Amino acid sequence: MKKITLFLLAVLFTATNLMAQPPKGPAKKGTNFGEKVQAADAISPDILADLLKDKESAEVKVLGKVVDVCKMRGCFLYMKTATGKLYIKTKDDAFFVPLALNGKTIVVQGIASKDKDSKEISIDAAGILVM
């Protein structure tokens with residue numbers, strides 16, 4: 001009985017690790033992840049602070065360069081800003097992005113919000129377009 005339990009735990013652990021991988025493959029220009037995104041009217045991540053000055057959140061479309069991607073599942077990424085990095089997570093973990101997105105220019109569409117305590121801005125992405 002002990003061997004069966006250990007075997008089942010090993011299988012479960014292996015299956016979990018195999019499922020928790022970011023998608024493989026390239027991030028080619030024109031590829032959409034999540035909802036379909038158009039590049040028109042995208043703004044710089046550097047103006048998000050001004051956009052959220054008098055409100056907690058806003059629907060945005062932001063153009064910028066990816067500087068880091070979650071290595072476990074591809075469920076979040078960071079976009080370069082003039083003062084550091086902007087945190088972007090996939091809305092409800094509905095989609096994942098490949099590690100190949102690192103260094104690419106993208107357009108992110110989603111809800112930008114400002115943390116009440118730290119005042120840091122993040123985006124809950126509904127879709128991402130590779131430029």
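Visitor: Hi! Before we count anything, what is a salt bridge here?

Guide: Here, a salt bridge is a side-chain nitrogen of Lys or Arg within 4 Å of a carboxyl oxygen of Asp or Glu. Do keep in mind that this is a predicted model.

Visitor: Thanks. How many salt bridges does that rule give?

Guide: The count is 3 salt bridges.

Visitor: Why would such side chains pair up at all?

Guide: Oppositely charged side chains can pair when their charged atoms come close.

Visitor: OK, let's go through them. Which residue does Asp68 pair with?

Guide: Asp68 pairs with Lys71, with 3.1 Å from N to O. Asp68 is partly exposed at 23% relative accessibility, while Lys71 is exposed at 58%.

Visitor: And what does Arg73 pair with?

Guide: Arg73 forms a salt bridge with Asp93, at 3.3 Å from N to O. Asp93 lies in the loop between S4 and strand S5 (105-114), and Arg73 in the loop between strand S2 (57-69) and strand S3 (76-81), so this pair ties together parts that are 20 residues apart in sequence.

Visitor: Which residue does Lys89 bridge to?

Guide: Lys89 forms a salt bridge with Asp124, and their closest N and O atoms are 3.4 Å apart. This pair links distant parts of the chain, with Asp124 in strand S6 (residues 121-130) and Lys89 in strand S4, 35 residues apart.

Visitor: What about accessibility for that pair?

Guide: Asp124 is partly exposed, with a relative accessible area of 26%. Lys89 is partly exposed as well, at 30%.

Visitor: Switching topic: where does Thr90 sit?

Guide: Thr90 is found in strand S4, which covers residues 84-90.

Visitor: Is Thr90 buried or exposed, and why do you call it that?

Guide: Thr90 is buried, because its relative accessible area is 1% and buried means under 20%.

Visitor: So what does the Thr90 side chain reach?

Guide: The side chain of Thr90 reaches the backbone oxygen of Phe95, at 3.0 Å.

Visitor: Which other residues does Thr90 touch, leaving aside its neighbours within four places in sequence?

Guide: With those neighbours left aside, Thr90 is in contact with Gly74, Cys75, Phe95, Asp124 and Ala125. You'll remember Asp124 as the salt-bridge partner of Lys89.

Visitor: Nice. Now rings: how many aromatic pairs are there?

Guide: The structure holds 3 aromatic pairs. In one of them, the rings of Phe76 and Tyr78 have their centres 5.9 Å apart and their planes at 85°, so that pair is edge-to-face.

Visitor: How is Tyr78 arranged with Tyr87?

Guide: Tyr78 and Tyr87 form a tilted pair, 5.6 Å centre to centre with 55° between the planes.

Visitor: Which residues end up in a ring cluster?

Guide: Ring pairs link Phe76, Tyr78 and Tyr87 into a cluster. For accessibility, Phe76 is partly exposed at 24%, Tyr78 is partly exposed at 23%, and Tyr87 is partly exposed at 30%.

Visitor: Last one: what lies over the face of Tyr78?

Guide: That would be Lys85, at 4.6 Å from the ring centre of Tyr78.

Note on methods. Residues are numbered from 1 along each chain as its sequence is written. This is a predicted model: local features need pLDDT of at least 70, side-chain atom pairs count only at pLDDT 80 or more; totals for chains, interfaces and linings use all residues. Side-chain values use heavy atoms; hydrogens and water are left out. Helices (H or I, at least four residues) and strands (E, at least two) are DSSP runs, numbered from the N terminus. Buried means under 20% relative accessible area, exposed over 50%, partly exposed in between (1.4 Å probe, protein chains only). A polar contact is a pair of N or O atoms within 3.5 Å; within protein, one must be able to donate a hydrogen and the other to accept it, and residues adjacent in sequence count only if both atoms are side-chain atoms. Contact means heavy atoms within 4.5 Å. Rings of Phe, Tyr and Trp (its six-membered ring) pair if their centres lie within 6.5 Å; planes under 30 degrees apart count as stacked, over 60 as edge-to-face and the rest as tilted. A charge sits over a ring if NZ of Lys or CZ of Arg is within 6 Å of the ring centre and within 35 degrees of the ring normal.
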